[in-house]
Every structure is written in structure tokens, then in C-alpha cells.
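Here's a quick briefing to read alongside the model. Have the sequence open while you go through it.

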Amino acid sequence: MKNTAPAHTGRHFLQIPGPTNVPDRVLHAMAMPTIDHRGPEFATLGQEVVAGMKRVFQTEGTVVIYPSSGTGAWEAALVNTLSPGDRVLMFETGHFATLWRQMATRLALDIKFVPGDWRHGVDPAQVAEKLAADREHRVKAVCVVHNETSTGVTSRIGEIRAAIDGERHPALFMVDTISSLASIDYRHDEWKVDVTVGGSQKGLMLPPGLGFNAVSKKALAAGKEAKSTRAYWDWQPMLESGHTGFFPYTPGTNLLYGLRESLKMLLDEEGLDRVFARHARHGEATRRAVGAWGLEILCKDPREHSNSLTAIVVPDGFDADRMREVILDAYDMSLGTGLGKMKGKVFRIGHLGHFNDLMLCGTLCGVEMGLHRAGIPHKPGGIAAALEYLGAA
Ligand SMILES: Cc1ncc(COP(=O)(O)O)c(C=O)c1O
């Protein structure tokens with residue numbers, strides 16, 4: 001019989017770096033009747049998910065949940081704390097940092113955008129240098145993307161905090177954790193972050209549709225002075241929900257059922273430390289496969305390798321999107337496209353969320369077969385390198 005690639009049978013492999021695979025039990029939890037969002041049953045749900053999200057952000061502070069995508073939570077972070085004309089320090093780590101800057105520009109903030117090569121995270125020494133030069137303390141906020149989903153580079157938030165402290169600079173510190181939350185260690189309180197931005201569709205293993213802010217006391221105080229126009233995103237009416245469980249408008253009730261279930265899995269069953277260790281293991285196995293294939297990882301600094309995704313550079317003269325098409329067509333697997341100026345140059349493997357060793361093996365097999373089928377020059381042995389690492393412990 002002819003050896004042809006099979007039709008699309010079995011389960012689709014969704015290996016983009018978010019939205020990620022949603023566990024069946026989370027889908028089942030969401031398939032419950034929507035309840036009265038002003039009734040007592042909802043209040044319990046609201047309180048439970050806010051309390052759980054505090055544990056995920058590693059904060060004792062305030063958590064706000066919006067029925068929104070992550071971009072909405074970005075906007076909320078900016079408009080609740082800043083006034084038009086305020087100076088903000090941002091860093092060009094990749095596509096998402098660039099989009100955050102575009103939004104801040106539209107909100108009439110005065111952006112100092114530190115250029116980057118999309119292969120490194122934010123350099124703590126550069127943060128210190130920029131803040132040292134700001135003797136009049138005109139910079140009101142430092143904004144950093146923790147895990148740049150377009151490049152697979154993770155900035156070192158603890159070290160950036162130390163750099164801000166080293167300059168005794170009073171700027172607010174805002175961090176986007178959309179593709180690191182609940183997959184890479186992140187400590188809102190310990191790192192004295194003022195606003196952390198999150199989304200539901202990655203490490204939290206939910207469909208898109210919830211946005212989060214974790215908010216420090218300093219950010220709440222800044223909000224009292226901030227003049228940016230805000231209505232839907234205003235924290236004030238939302239602050240009660242942590243106590244009462246109620247939202248000021250109709251919440252995403254069924255997504256919150258899903259969140260309650262995924263929090264149970266992450267916090268009570270697996271435990272955050274093991275969640276982080278699992279992501280580190282899958283990140284390392286993936287990088288070993290890439291190394292054995294003789295391909296290049298976009299992230300240049302091993303201290304900044306992302307554990308939730310890996311961006312891989314295809315050799316000059318080859319199109320990463322063509323290879324992704326071949327893989328989708330032949331093996332029914334979706335890989336992440338190159339975003340912005342990385343279009344066609346890289347493909348991204350998502351290894352975050354609801355994921356295990358065998359799913360990673362399937363993913364890497366799909367990539368190795370796809371490299372072969374698309375005629376991308378590479379060495380054999382990537383799978384073997386990953387298996388050796390995964391099998392060792
Ligand atoms: C790091 C990062 N920031 C922001 C966003 C934007 O989030 P959303 O598409 O949910 O609005 C994304 C989306 O992938 C992201 O990965």
C-alpha cells in the first residue's frame with residue numbers, strides 16, 4: 001500500500017503559543033447552565049476565582065478580572081494609573097512590546113522606546129542607565145513584557161526590579177505576563193510589580209476571553225491622581241468583587257466556571273512549583289531537539305530562554321510559513337507563525353498549558369517530519385535528543 005500522509009484523523013495538535021489546548025474537564029465545567037450573576041451562587045464563584053488568581057500572581061494584593069482579551073487588560077493597566085503626557089519607559093523586545101507601545105501612544109502617553117533586536121530580553125543594566133539619567137523623575141512607569149511570545153525570550157523581572165530599586169526611582173513597574181502566567185515562575189509581590197497584566201488563553205488553559213490585572217497599593221494610590229479617561233476599564237467599581245464576588249457588569253460566567261476548574265488543577269492538584277518545573281522540562285527538551293537539528297533558536301541568551309515557547313529560525317532562503325503550511329496539511333498540527341518583522345523567518349512551538357511528555361514528543365515528531373517534507377536543511381536526531389532528556393528523569 002502507498003505510504004501517504006494520513007487524512008486529518010485523531011486530534012488536532014494546537015501547538016501555537018496560545019490559545020492553548022483546553023482540558024476536557026475545563027470544557028465540561030464550562031458546559032453548565034449560566035446562573036444569575038447577582039445571586040448568591042455567583043458570589044461564591046467570584047470570590048473563589050479572585051482568591052485563586054491571587055495565588056497564581058503570588059500576591060496578597062488586588063486582582064481584577066475583565067471579560068476581555070489580554071489587550072484590554074493592558075489598556076486597564078495604563079488608564080488606571082497614568083495621565084496623558086506622562087512619560088513611560090518601554091523596551092522593544094518584540095511584536096507584543098511594540099503593540100503595547102502603540103496602544104500607549106494612542107492613549108497620549110509620552111513613550112521612550114528603547115530599541116531592541118528581538119533576540120534579547122530587557123537588559124537590567126539598561127533600565128538602570130535610563131532611570132539614572134532621569135534625575136527629575138519624569139518617567140512615571142516602566143513597562144516590560146515578561147515573556148515575549150513573538151520571540152520566545154523571557155526578561156528577568158527580579159533583576160529589573162533590583163535595577164529600579166538601585167536607582168531609587170519611584171516609577172511604577174508594569175509587567176505583561178500574558179504568555180508566562182501559570183507556566184513560568186512569576187512573583188507579583190516579591191518583585192514589587194505595580195500592575196501585572198494577564199490573559200486566560202495560555203498557561204491558565206482556558207479559551208480566550210478573560211483579562212487580568214494584579215494591582216499593588218502603590219498603583220491604587222497612583223490611580224487616585226491619574227487623569228486618563230477611563231470608563232469600562234476603571235478599577236474602582238471592580239475592586240469590590242474580591243470581597244463580594246460580584247462584578248459591576250455582566251461577567252463571563254461560564255469562563256469563570258472554567259477558571260475555577262483550571263485553578264483547581266494548577267494550584268491544588270499539580271501545584272505551581274511542579275507546573276513551572278514541567279514547563280522548564282518541556283522547554284529544555286525542545287531546545288535540545290532544535291540543537292540536534294542544527295537549527296538556531298531566536299533567543300540569544302540562555303538565561304532568557306522561554307519555557308513556554310521556542311521560536312526557531314529557518315535558514316536563509318527558506319520560508320517558515322511554507323513549512324507551517326506543509327505541517328498543517330500533512331499532520332494537522334498548528335505551529336505559531338513569525339510575527340511582525342519575524343514573518344517567514346521563524347516558526348514558534350508552543351509547549352505551555354495543558355501539555356505532557358507524549359504531547360511534546362508528538363509535536364517534535366511533527367516538526368521533524370515537516371522539516372524533512374518542506375525540504376528545510378537540518379540534521380536528523382532532534383527527536384532522539386529530546387527523548388534522551390525526557391527519559392532520563
Ligand atoms: C505577551 C503578549 N502580550 C499581549 C498579547 C495580546 O493579548 P490578546 O491577544 O489576548 O489581546 C499577547 C497575545 O498573544 C501576548 O502573547
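Strand β3 (residues 87-91) and strand β5 (residues 139-145) pair in the parallel sense, with four bridges between them. Strands here are DSSP runs (E, at least two residues), helices are runs of H or I of at least four residues, and both are numbered from the N terminus; two strands pair if DSSP finds at least two bridges between them. This is a predicted model, in which local features need pLDDT of at least 70 and side-chain atom pairs count only at pLDDT 80 or more, while totals for chains, interfaces and linings use all residues. Residues are numbered from 1 along each chain as its sequence is written, and side-chain values use heavy atoms, leaving out hydrogens and water.

**The seven-stranded sheet**

- M90 has C143 of β5 as its bridge partner.
- β3 and β5 belong to an open sheet of seven strands, ordered β2-β10-β9-β8-β5-β3-β4, and the pairing is mixed.
- At the edges you'll find β2 (62-66) and β4 (110-114), each of which pairs on one side only.
- From one strand to the next, the twist averages 20° (axes are lines fitted to C-alpha atoms, for helices over the stretch in contact, and angles run from 0 to 180 degrees between N-to-C directions).
- Helix α6 (residues 157-166) lies across β5 and β8 (172-176), and runs at about 165° to β8.

**The ligand site**

- Which residues surround the ligand? They are S69, G70, T71, W74, F96, V145, N147, T149, D176, I178, Q201 and K202 (a residue is near a molecule if one of its heavy atoms lies within 4 Å of it).
- By class, that shell has four nonpolar, six polar and two charged residues; Ala, Val, Leu, Ile, Met, Phe, Trp, Tyr, Cys and Pro count as nonpolar, Asp, Glu, Lys and Arg as charged, and the others, Gly among them, as polar.
- Helix α3 (residues 70-79) gives the most to the shell, with three residues.
- Polar contacts (pairs of N or O atoms within 3.5 Å) to ligand oxygen atoms include a polar side-chain atom of T149 at 2.5 Å, one of Q201 at 2.8 Å, and a polar backbone atom of G70 at 2.8 Å.
- The protein covers 86% of the 380 Å² of accessible area that the ligand has on its own (Shrake-Rupley method, 1.4 Å probe).

**The three-stranded sheet**

- An open sheet of three strands has the order β11-β12-β14, and its pairing is antiparallel.
- β11 (296-297) and β14 (346-350) are the edge strands with a single partner each, so one side of each has no neighbour in the sheet.
- β11 and β12 (residues 309-313) run antiparallel and are joined by two bridges, and I297 has I312 of β12 as its bridge partner.
- Helix α10 (residues 272-293) packs on this sheet, touching β11, β12 and β14 (contact means heavy atoms within 4.5 Å), and its direction makes about 10° with that of β12.

- Most residues other than glycine have a negative phi, and most peptide bonds are trans.
- G18 and P19 are joined by a cis peptide bond, with omega about -5°; P19 lies in the loop between β1 (13-15) and α1 (24-30).
- Q58 isn't a glycine, yet has a positive phi of about 55°; Q58 sits in the loop between α2 (40-57) and β2.

Key:
A polar contact is a pair of N or O atoms within 3.5 Å; within protein, one must be able to donate a hydrogen and the other to accept it, and residues adjacent in sequence count only if both atoms are side-chain atoms.
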